[in-house]
Amino acid sequence: MKITVEVHSIACGTFPSGEGTLDLPDKTNLSTVLKQLALKTDPDEIYPALVNGTPIPPEERDQTFLKEGDHLVVFPPIEGG
Amino acid sequence: MSWQGKILRVNLSKGSCVSEPLNMGWAEAYLGQRGLGSKYLIEETEPTIDPLSPENRLIIATGPLTGTMASTGGRWSVICKSPLTNALACSNSGGYFGAELKNAGWDMVIFEGKAEKPVYLEIKDNIALLHDASAYWGRSVWEIEPELKQKHGDPQARVASIGRAGESLARIAAVINDLHRAAGRSGVGAVMGSKNLKAIIVRGTGGVSVKDPARFMEAVRAAKDKLDPSERRFRLGKFGTHAMMDATNSFGSLPTRNSRELQFEGVNKINAKAVTVPRLSDGKPNLIGAKACFGCTIACGRMSLIDPTYKPVAGEDKARYRKGTGGLEYENAYAFGPMCGIDDLDALMYANMVCNEDGLDTISFGATLSAAMELFETGAITTEDTGGIDLSFGNADALIAMVELTGKGEGFGKDIGLGSKRLCEKYGHPEFSMTVRGQEFPGYEPRAMKGMALAYATSNRGACHLRAAPFVPDFTKVTTEGKAEVVKFTQDKNALVDSSGLCTFPGPVWDPEDLAPKFDAALPGKWTAERIMECGERIWTMERLYNTAAGLGPEADTLPDRQLKEPAGSGAAKGQTAELEKMLPEYYELRGWTPQGHPAKQTLQRLGLA
């Protein structure tokens, strides 16, 4: 299955431009996808991840399975200014 | 110790400048800047005074760590009663002015009364003199700052001043320092204008001492060692605050067209990426670099260069706009852009420059213009009111025309200068005003960010994104659960940081345990994480008591009907409202307040406020 990915303001090893398409095996969960993106983050950072616009909190990422055509957005744990 | 122990009191009615000792009892309880300045204001004035009357004070306050070697130790504040909100105003700025004032030997300057004619204050170490400012009145910040430095023969002097917006008493006027930094919020520039005070020029050469220099540097180094390698610091330095726009837009919490929508279709033309794209005219991007405030190791500030072929900056008389300038930051990009439905990057850049030049708060200006655009769309105001300007959402020419008029206090710009609440009331639609306690929303939509809903509703200076920091929990899950606790903790923490001389931007990288050793090595006595957090809680509660006495207590802990009753149309919170009522009771309880929202007697006694 294919999903599209947008990564904002985090260095991303898989998609240096911040955008791309991933071809994944069926039943891949969100935690696995996030590891695959090789994001440069601090070890204790919780960074927001949206699947089709819905935020998925860290405790639900193992049980969240991606499906064909999903759109994943990741951005840093950014605070205002 | 790193308090200088001295206040400069300037009576503008009498024309006197007098040195007086800092009240050390108050300093130990309220630290400096926001806390200590507010304490002085509260002790010296009635909460019901007219903010633009001579009875109001204008307090310029540094913190105990301002001007020290502590990273981010360049912060200073302007405190007064707000002419925008009628609540307590504390507007915080960076740059180099605050550190210079501290190095001149002063913890605070308190202005009282009103000068008969325009004046400015010169401070050179322990000498303070008032001078005639008639040659500077009616002119912009960008004109007078270099002229004052030249006149006093010191390019290293620092200046804080008002532009024409403050002179014309626009209730959204800012105090600008170092050309591009602003004590922006709550209309503090109008209070300065009401006192006929145009500028303060300061030069300080005395330095700032600390109690235990070796231990202080050890604490500073430890904090830097934690901050420097963090991704947070790297990202703020690389992208600035502007990076927030992609986050809020993706999430559906980017207030758009006066908060009627929560996502903006034109975001890719004005986001942090857009400012790095080379333009067609000269092959250069808008963004030219980053800039740091005094002592800062983050450098979140942006420096940009507008497209030199952009029509509003063409001509010899506009050369000042074709130089490197501060911005865009997230808040001004949001307020001029999505909030007004405008996706023209150069128009946003231009509006930002005029706000700095004439001394306007960018958030309040943009959010008030967006309210005017909704009034225009519904026919409540017409081109007859606006002097022929088409205020349709998305019209970049309207942004340019209105920022110029508001900056100068002319035409319909006078109405924009009232701020969103008064403007919407004047034209019969108070429901169009996206404000809390009369202050305009920053760039976070409360329906999608529930913690921010509570933070706005309970903020002591009206809608504000810097009085609490529920950002990450809000972006992680759309829920009210746990938000009261986050808001309460970060309100107290930010109150202490805003009173310290440091910046809030290191955020969670520096917890109270990281902050306390700096206080402990700089100030007399023992300073622990618990003690500084209690100072933060005391400051928050004191502000609450003042606002309640000013008529802006629990009844003002609310949001506009749009956020409370109209479900979000898109994004992560589609179909939801702000759900404030689910969080307020828990918040009051966590604060030790009554269910009606008043600090309980035991809480006041515990904090030494009874």
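## Helix packing in chain B

The crossing of α17(B) and α19(B) is right-handed (the near helix is turned clockwise from the far one by less than a right angle). Helices here are DSSP runs of H or I with at least four residues, and strands are E runs of at least two, numbered from the N terminus. The model is predicted: local features need pLDDT of at least 70, side-chain atom pairs count only at pLDDT 80 or more, and totals for chains, interfaces and linings use all residues. Residues are numbered from 1 along each chain as its sequence is written, and chains are lettered from A in the order in which they are written.

On the α17(B) side, B:K450, B:G451, B:L454 and B:A455 meet B:K483, B:A484, B:V486 and B:V487 of α19(B). Two residues are in contact if their C-beta atoms, placed from the backbone, lie within 7 Å. This contact divides into five nonpolar, one polar and two charged residues. Ala, Val, Leu, Ile, Met, Phe, Trp, Tyr, Cys and Pro count as nonpolar, Asp, Glu, Lys and Arg as charged, and the others, Gly among them, as polar.

## Contact with chain A

Chain B gives 32 residues to the contact and chain A gives 21 residues. Elements giving two or more residues on the chain B side are α8 (231-239), α9 (244-251), α10 (330-336) and α18 (471-476). The largest share, five residues, comes from α9(B). The chain B side divides into 18 nonpolar, eight polar and six charged residues.

## Chain B overall

Chain B has 24 helices and 17 strands. Its C-alpha atoms fill a box of roughly 60 × 55 × 50 Å along the principal axes. Residues 24 or more positions apart account for 71% of its contacts with a separation of 6 or more.
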